Amino acid sequence: MALGGHHPTLLLPLVFLATGLAQPSEGLSEGATYQQFVTRHFDSPKTSAANDRLYCNLLMQRRGLTRVFCKRRNTFIHAPAGKLQAICARGGTHVSLNLYDSLESFNVTTCRALPRSRPRHCRYRAATGNTKIRVACVQGLPVHLEPTYLP
Ligand SMILES: *[C@@H]1O[C@H](CO)[C@@H](O)[C@H](O)[C@H]1NC(C)=O
């Protein structure tokens, strides 16, 4: 019979497809990337604005964090990118899983949405501080900022 020969070659691509789709995302960062970390949390030197409240209104919009809804809380770190990357290596201490605390303290600005904030009119209040930070690292780069030490 000629039946046997073709079936394996037909099935093989389906098997690869199925295993590819089944890949789970693991760890604390849930597929977050360094690029996302930079977009959400890196602003150095700090963008100038008349005051920190207006800074938050401007940056949250400019970074695309007010499109679908006003992101309720977000922190910008005012430190060179190299110092943030270093937290995942010599500039940090391992906490647990893929979490690291920075050895250094950084200037940060935390933006929180005001209660009646709505997209296109997202308004924020600001809190600044100088603090160490806790990040999740993937492949040696920060991908997620934990709220642990933030103002
Ligand atoms: C951090 O902020 C303080 C107060 O705003 C400022 O004097 C200092 O220069 C900042 N440090 C860095 C490293 O940007």
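Residues are numbered from 1 along each chain as its sequence is written. Because the model is predicted, local features are reported only at pLDDT of at least 70 and side-chain atom pairs only at pLDDT 80 or more, whereas totals for chains, interfaces and linings use all residues. The confidence of the predictor in each residue is expressed as pLDDT, on a scale from 0 to 100. The average pLDDT of the protein is 86, and 80% of the residues score at least 70. Two stretches stay under 50, namely residues 1-5 and residues 8-27. In the model, residues 1-5 have zero contacts beyond four places in sequence, and residues 8-27 have four such contacts; a contact requires that the C-beta atoms of two residues, placed from the backbone, lie within 7 Å.

The secondary structure consists of four helices and seven strands, arranged along the sequence in the pattern α-α-α-β-α-β-β-β-β-β-β. These elements are DSSP runs numbered from the N terminus, with helices (H or I) of at least four residues and strands (E) of at least two. Of the 151 residues, 26% count as buried. A residue is termed buried if 20 or more other C-beta atoms lie within 10 Å of its own, exposed if 12 or fewer do, and partly exposed in between, with C-beta atoms placed from the backbone. Among contacts between residues at least 6 apart in sequence, 64% join residues at least 24 apart.

Three strands form an open, antiparallel sheet in the order S1-S4-S5, where pairing requires at least two DSSP bridges between two strands. Strand S1 (73-78) and strand S5 (124-131) are the edge strands, each pairing on one side only. Neighbouring strands of this sheet are turned by 20° against each other on average, direction ignored. Helix H3 (residues 52-62) packs on the sheet and touches S1, S4 and S5, its direction making about 100° with that of S5. Such angles run from 0 to 180 degrees between N-to-C directions, with axes taken as lines fitted to C-alpha atoms, for helices over the stretch in contact. Within the sheet, strand S4 (residues 106-113) is joined to S5 by eight bridges, and the two run antiparallel. One of the paired positions involves Arg112, whose bridge partner in S5 is Arg125. The buried residues of H3 are Tyr55, Cys56, Asn57, Leu59 and Met60, and their cover includes S1, S4 and S5. H3 is followed by Gly64, which has a positive phi near 75°.

A second open sheet contains four strands in the order S2-S3-S6-S7, again with antiparallel pairing. Its edge strands are strand S2 (92-96) and S7, each of which pairs on one side only. The twist in this sheet averages 40° from one strand to the next. Strand S3 (residues 99-102) is joined to S6 by three antiparallel bridges; in S6, Ala136 is the bridge partner of Leu99. Leu99 lies in strand S3 and is partly exposed, as 18 other C-beta atoms lie within 10 Å. The C-alpha atoms of Leu99 and Ile87, 12 residues apart along the chain, are separated by 9.8 Å.

On its other pairing, S6 is joined to S7 by five bridges, and these strands run antiparallel. Arg134 has Glu146 as its bridge partner in S7, and Cys137 has Pro142. The two strands form a hairpin with two residues between them, and Gln139 in the turn has a positive phi of about 50°. Four of the five residues of S6 are buried, so the strand is largely enclosed by the rest of the structure.

In soluble globular proteins, nonpolar side chains tend to be buried together. A nonpolar core is defined here as a set of buried Ala, Val, Leu, Ile, Met, Phe, Trp, Tyr and Cys residues joined through C-beta atoms within 7 Å. The largest such core comprises 26 residues, of which Cys56, Met60, Ile77, Tyr124, Val135 and Cys137 touch the most other members. Helix H2 (34-41), H3, S1, S4, strand S6 (134-138) and strand S7 (141-146) each give two or more residues to this core, and H3 supplies the largest share, four residues. Not counting residues up to four places away in sequence, Cys137 touches Cys88, Asn98, Tyr100, Pro142 and Val143.
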